[in-house]
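Please look over the sequence and structure below. A short report on selected features comes after them.

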Amino acid sequence: MKIAWRKISPFIISVATVALVTVIIIIAAFSCSVNKLTFKSTFYFVCYRTEDNAVSAGSISGAVSNYGGAGYILEYGDSFFVTVACYYDDKDANNVCENLKKRDMECEVVEISTEEYYVANASSANNKLYLGNLNTLQSLTTLAYNCANSIDTGEYGQTQAKSVITDIRNALKGLLTANTDNCFSGEIRRLIAECDNVNEGYVYSKDLRRLQIAIADSIINVKLY
């Protein structure tokens, strides 16, 4: 059964994306101290189930993917969330959640925000690098999100979708070059592997949503040192 995602004008999405990233950059650029880095971002995850361990969450993630959702397991706090999709506005997330409930798919909207990151071995150089990483990752989440929407509306075919995935992968490779041996290195390598997995075979919108949430996961859970 195909999930009925909310269709949004590509022009509106592009304008909103630029505005969102610009606001985040402005906020973050003026909120950096030596031992504390401030980066504000909010994600609204539509989740099918919340579990208390990875095994039980993993047992149902495939079913969510088969239904047309991301199926990505997001760990946050002491919970594991089996995600369907991710939005930047609570109204969009709640609309999708309500539509899914009408299709007998029990789900909920989980809001997760970033605020302050503690930097264990802080320096002005590290903070500047880490802030740049977070800004880039935030931009890549919106790029994957917009691509997923464009696939759903029929605006993007396989060529365009795979091109976007390649662009995301290239951006991550650029980050890896600048972060060869620090707290972001493992996260970036994991995301590059996600790109490779998503780009295999036929690309569906759920694949881009999975990639979007994987990148958001790194923004939310990265531990800075």
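## Helix pair α6 and α7

This is a predicted model. Helix α6 spans residues 185-198, and helix α7 spans residues 205-221. Their axes come within 10 Å of each other and cross at roughly 180°. Angles over 145 degrees count as roughly antiparallel. α6 and α7 are therefore roughly antiparallel to each other.

The α6 side of the contact is formed by Glu187, Arg190, Leu191, Glu194, Cys195 and Val198. These meet Asp207, Arg210, Leu211, Ala214, Ile215, Asp217 and Ser218 in α7. By class, the residues of this contact comprise six nonpolar, six charged and one polar. Cys195, one of the α6 residues in the contact, has a relative accessible area of 1% and is therefore buried.

## Ile192

Ile192 also belongs to helix α6. Its relative accessibility is 8%, so Ile192 counts as buried.

Beyond its neighbours within four places in sequence, Ile192 is in contact with Arg169, Leu172, Lys173 and Leu176. Ile165 lies 27 residues from Ile192 along the chain. The C-alpha atoms of these two residues are 9.9 Å apart.

## Cysteines

A disulfide is a covalent bond between the sulfur atoms of two cysteines. How many disulfides does the model contain? The count is zero.

Cys86 is in no disulfide. The nearest cysteine sulfur belongs to Cys47, at 9.1 Å. The cut-off for a disulfide is 2.5 Å between sulfur atoms. Cys86 has a relative accessibility of 0%, so Cys86 counts as buried.

Conventions: Residues numbered from 1 in each chain as written. Predicted model: local features only at pLDDT ≥ 70, side-chain atom pairs only at ≥ 80, totals over all residues. Heavy atoms only, no water. Axes fitted to C-alpha atoms, helices over the stretch in contact; angles between N-to-C directions. Helix = DSSP H or I, 4+ residues; strand = E, 2+ residues; numbered from the N terminus. Parallel < 35°, antiparallel > 145°, perpendicular 65-115°, else oblique. Contact = heavy atoms within 4.5 Å. Nonpolar A, V, L, I, M, F, W, Y, C, P; charged D, E, K, R; others polar. Buried < 20%, exposed > 50% of the residue type's maximum accessible area, 1.4 Å probe, protein only.
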